[in-house]
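Here is a friendly briefing to read alongside the model. Keep the viewer open as you go through the topics.

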Amino acid sequence: MTELQKIGVIGAGQMGNGIAHVAAQSGLTVVMLDVAQAALDKGMATLAKNMDRQVSKGTLTQADRDAALARISTSTDYAAFGDCDLVIEAATEREDIKHKIFATLTPHLRPDALVASNTSSIPITRLAAATDRPGRFVGMHFFNPVPLMKLVEVIRGLATEDATVAAVAALAERMGKTVAYAADYPAFIVNRILLPMINEACFALHEGVGDVASIDAGMKLGCNHPMGPLELADYIGLDTCLAVLRVLQEGMGDPKYRPSPLLQKYVEAGWLGRKSGRGFYDYSVTPPKPTR
Ligand SMILES: CC(=O)CC(=O)SCCNC(=O)CCNC(=O)[C@H](O)C(C)(C)COP(=O)(O)OP(=O)(O)OC[C@H]1O[C@@H](n2cnc3c(N)ncnc32)[C@H](O)[C@@H]1OP(=O)(O)O
Ligand SMILES: NC(=O)C1=CN([C@@H]2O[C@H](COP(=O)(O)OP(=O)(O)OC[C@H]3O[C@@H](n4cnc5c(N)ncnc54)[C@H](OP(=O)(O)O)[C@@H]3O)[C@@H](O)[C@H]2O)C=CC1
């Protein structure tokens, strides 16, 4: 396939709108889809605000911002993906949701179109097997916030063809990212290492080893991490953190990945972190206030 020109993005949440942002800024035409128009409007508003911030910092010109925004369209109808070269799925981290999305998506695609998942953890081989094109299916894992984080993990499923891997790796580079190739094990490279640390911070909080502020200060000042593990968990989304840990626990069969009961309780309470206004911090006040 020649260079990818038009891409689809499924999910207008923090990752979907970030991927659409960077893709459009890199000159690609983008269609972003979500279940509801309200989610698309919110995603577009976030994306425009992030581009405006780049303009005010002088890292993006007003003309380039306007041109990038004009390259993005939104839709709730999968027919909009009919002429896409690649569709990147960035919907909620639930395998049942992703399977349904692929079943709805693929009949609308050109036979040669590629499909990628931005999943944080779910085996690519398994997702690929649920589609009509395992050879043209691949993991393309961006990091949050997408406009700033330099890495994309490219994950090859058992059936993924060389040309598919090469096409998405070239695209990631065109988007200014560095590629790390990961084998298809649960949570791949970065989350295999990151999520157990976040989980351990949740256990430490639950056991009273330290409060939220102390645990985060400990890792920021003691290890020079840009965010503490609980602040980062809130940033990723506690539902996503829990979902990744469950994939690790089930996929590796090792009790060391058991999710912290406190993390589970927070998700049950709907305290999902920044995106719901409350997680380990309360975001209704400035600066955000630790909840424990
Ligand atoms: C769960 C998974 O599957 C995988 C994952 O993604 S795991 C999560 C990975 N991400 C991380 O670990 C993030 C860790 N945190 C950080 O690196 C930093 O805190 C951070 C980059 C997010 C913010 O850095 P900061 O210096 O505290 O914030 P801030 O000063 O507000 O922003 C830094 C710059 O980025 C810009 N910026 C911030 N968010 C932005 C966004 N979404 N879009 C565009 N620009 C953005 C700011 O305008 C600012 O620009 P200047 O440097 O020109 O001033
Ligand atoms: N958060 C992170 O740091 C990272 C996340 N990821 C992965 O990216 C994916 C998205 O995560 P993130 O953006 O954080 O999640 P968000 O919760 O911010 O966004 C998910 C979006 O997907 C939408 N959605 C849900 N079901 C469907 C569907 N059937 N069709 C279309 N859209 C749907 C949601 O809509 P609604 O709100 O209406 O349900 C929401 O807008 C996940 O697989 C996650 O693991 C990867 C890297 C980093």
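Among contacts in the protein chain between residues at least 6 apart in sequence, 66% join residues at least 24 apart; contact here means heavy atoms within 4.5 Å. This is a predicted model, in which local features need pLDDT of at least 70 and side-chain atom pairs count only at pLDDT 80 or more, while totals for chains, interfaces and linings use all residues. Residues are numbered from 1 along each chain as its sequence is written, chains are lettered from A and ligands numbered from 1 in the order in which they are written, and side-chain values use heavy atoms, with hydrogens and water left out.

**Overall build**

- The protein chain has 11 helices and 10 strands; these are DSSP runs numbered from the N terminus, with helices being H or I of at least four residues and strands E of at least two.
- The radius of gyration is 19 Å, close to the 19 Å that the globule rule gives for 292 residues, so the protein chain is as compact as a globular protein of that length.
- For that comparison, the radius is taken over C-alpha atoms, and the globule rule is 2.2 Å times the number of residues to the power 0.38.
- Taken along the principal axes, the box filled by the C-alpha atoms is roughly 55 × 45 × 30 Å.

**Surface and charge**

- Of the 292 residues, 49% count as buried; buried means under 20% relative accessible area, exposed over 50%, and partly exposed in between, with a 1.4 Å probe and protein chains only.
- The protein chain exposes about 13,100 Å², and carbon and sulfur atoms supply 56% of this area, as computed by the Shrake-Rupley method with a 1.4 Å probe.
- There are 29 positive and 31 negative charges, and their mean positions are 4 Å apart.
- In that count, Lys and Arg are positive and Asp and Glu negative, while His and the chain ends are not counted; each charge is placed at NZ of Lys, CZ of Arg, CG of Asp or CD of Glu.

**Nonpolar cores**

- In soluble globular proteins, nonpolar side chains tend to be buried together.
- The largest nonpolar core holds 41 residues, of which Ile7, Ile19, Val30, Leu86, Ile88, Met140 and Phe142 touch the most other members.
- A nonpolar core is a set of buried Ala, Val, Leu, Ile, Met, Phe, Trp, Tyr and Cys residues joined through side-chain atoms within 4.5 Å.
- Setting aside neighbours within four places in sequence, Phe142 is in contact with Met15, Ile19, Ile88, Asn118, Leu151, Val152 and Met175.
- A second, separate core has 27 residues, including Leu230, Tyr235, Tyr257 and Leu263.

**Backbone features to check**

- Most residues other than glycine have a negative phi, and most peptide bonds are trans.
- Asn144 and Pro145 are joined by a cis peptide bond with omega about 5°; Pro145 is found in the loop between β6 (137-142) and β7 (151-155).
- Thr286 and Pro287 are also joined by a cis peptide bond, with omega about -5°, and Pro287 is in the loop between β9 (281-282) and β10 (289-290).
- Ala187 has a positive phi of about 70° although it is not a glycine; Ala187 is in the loop between β8 (178-182) and α7 (190-206) and counts as buried at 0% relative accessibility.
- Asn224, another residue other than glycine, has a positive phi near 60°; Asn224 is in the loop between α8 (212-223) and α9 (229-236) and counts as exposed at 68% relative accessibility.

- Arg65 sits in helix α3 (residues 62-70) and is buried, with a relative accessible area of 15%.
- Beyond its neighbours within four places in sequence, Arg65 is in contact with Ala48, Met51, Asp52, Val55 and Leu60.
- Ser73 lies in strand β3 (residues 72-75) and counts as partly exposed at 37% relative accessibility.
- Not counting residues up to four places away in sequence, Ser73 touches Val30, Val31 and Met32.

**Helix α10**

- Met252 is in helix α10 (residues 238-252) and counts as partly exposed at 28% relative accessibility.
- Leaving out neighbours within four places in sequence, Met252 is in contact with Pro186, Arg192, Val247 and Tyr257.
- The C-alpha atoms of Met252 and Asp52, 200 residues apart along the chain, are separated by 43 Å.
- Glu250 is found in helix α10 and counts as exposed at 63% relative accessibility.
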